[in-house]
Amino acid sequence: QVQLVESGGGSVKTGGSLRLSCAASGSIVSIGNMGWYRQTPGNQREWVAIMGSDGRANLADSAQGRFTISRDNAQNTVYLQMVNLKPEDTAVYYCNADVISPMTFQMSTIWGQGTQVTVSS
């Protein structure tokens with residue numbers, strides 16, 4: 001059973017910074033893409049950033065210039081560094097990963113439990 005555990009959320013003022021972490025654990029053969037999404041009440045989950053196992057990254061327009069995604073493949077961990085946070089960044093942030101397990105040798109998308117980020121003005 002593969003799990004993703006997120007950490008690093010919290011409450012900050014406008015202009016503040018946070019660094020989210022998401023670590024995958026369990027039986028893993030390999031991990032493909034790892035990414036971050038966010039969701040506010042009543043809205044669909046919104047893609048924020050994604051990084052492939054080769055280090056290539058893509059960020060949503062809302063994240064460009066303020067968020068940085070990185071990963072440590074040896075630790076099966078993905079990070080989201082967020083600076084210059086705005087109230088509209090307030091959301092529950094979820095990480096996900098495309099994981100191949102030794103049980104099936106098929107790729108499955110796994111989600112973390114989410115971590116709350118609150119930005120106040």
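Predicted model: local features only at pLDDT ≥ 70, side-chain atom pairs only at ≥ 80, totals over all residues.
Student: Where is Arg 56 found?
Tutor: The strands to consider here are β5 (46-51) and β6 (57-59). Arg 56 is found in the loop between β5 and β6.

Student: Is Arg 56 buried or exposed?
Tutor: The relative accessibility of Arg 56 is 64%. A residue counts as exposed when this value is over 50%. Arg 56 is therefore classed as exposed.

Student: With which side chain does the side chain of Arg 56 make a polar contact?
Tutor: Leaving aside residues up to four places away in sequence, Arg 56 touches Ile 50 and Met 51. The polar contact, at 2.7 Å, joins the side chain of Arg 56 to that of Asp 54.

Student: How many salt bridges are found in the whole structure?
Tutor: One of the salt bridges joins the side chains of Glu 46 and Arg 38, at 2.8 Å from N to O. A search of the whole structure gives a total of four.

Student: Is Glu 46 buried, exposed or partly exposed?
Tutor: Glu 46 has a relative accessibility of 35%. The limits are under 20% for buried and over 50% for exposed, with partly exposed in between. Glu 46 therefore counts as partly exposed.

Student: Is Arg 38 buried or exposed?
Tutor: Arg 38 has a relative accessibility of 8%. Buried means under 20%, so Arg 38 counts as buried.

Student: How far apart in sequence are the parts tied together by Asp 89 and Arg 38?
Tutor: The side chains of Asp 89 and Arg 38 meet in a salt bridge of 3.0 Å, N to O. Asp 89 lies in the loop between β8 (77-82) and β9 (91-100), whereas Arg 38 belongs to strand β4 (residues 30-39), so the parts that this pair ties together are separated in sequence by 51 residues.

Student: Which parts of the structure does the salt bridge of Asp 89 with Arg 66 tie together?
Tutor: The closest N and O atoms of Asp 89 and Arg 66 are 2.7 Å apart. Because Asp 89 and Arg 66 lie in separate loops, the pair ties together parts 23 residues apart in sequence: the loop between β8 and β9, and the loop between β6 and β7 (67-72).

Student: What is the relative accessible area of Asp 89?
Tutor: Arg 66, a salt-bridge partner of Asp 89, counts as buried at 9% relative accessibility. Asp 89 is buried as well, and its relative accessible area is 0%.

Student: Which residues are linked in a network of salt bridges?
Tutor: Asp 89 forms salt bridges with Arg 38 and with Arg 66. Arg 38 also meets Glu 46 in a salt bridge. The linked residues are Arg 38, Glu 46, Arg 66 and Asp 89.

Technical notes:
Residues numbered from 1 in each chain as written. Heavy atoms only, no water. Helix = DSSP H or I, 4+ residues; strand = E, 2+ residues; numbered from the N terminus. Buried < 20%, exposed > 50% of the residue type's maximum accessible area, 1.4 Å probe, protein only. Contact = heavy atoms within 4.5 Å. Polar contact = N/O pair within 3.5 Å; in protein donor to acceptor, adjacent residues only side chain to side chain.
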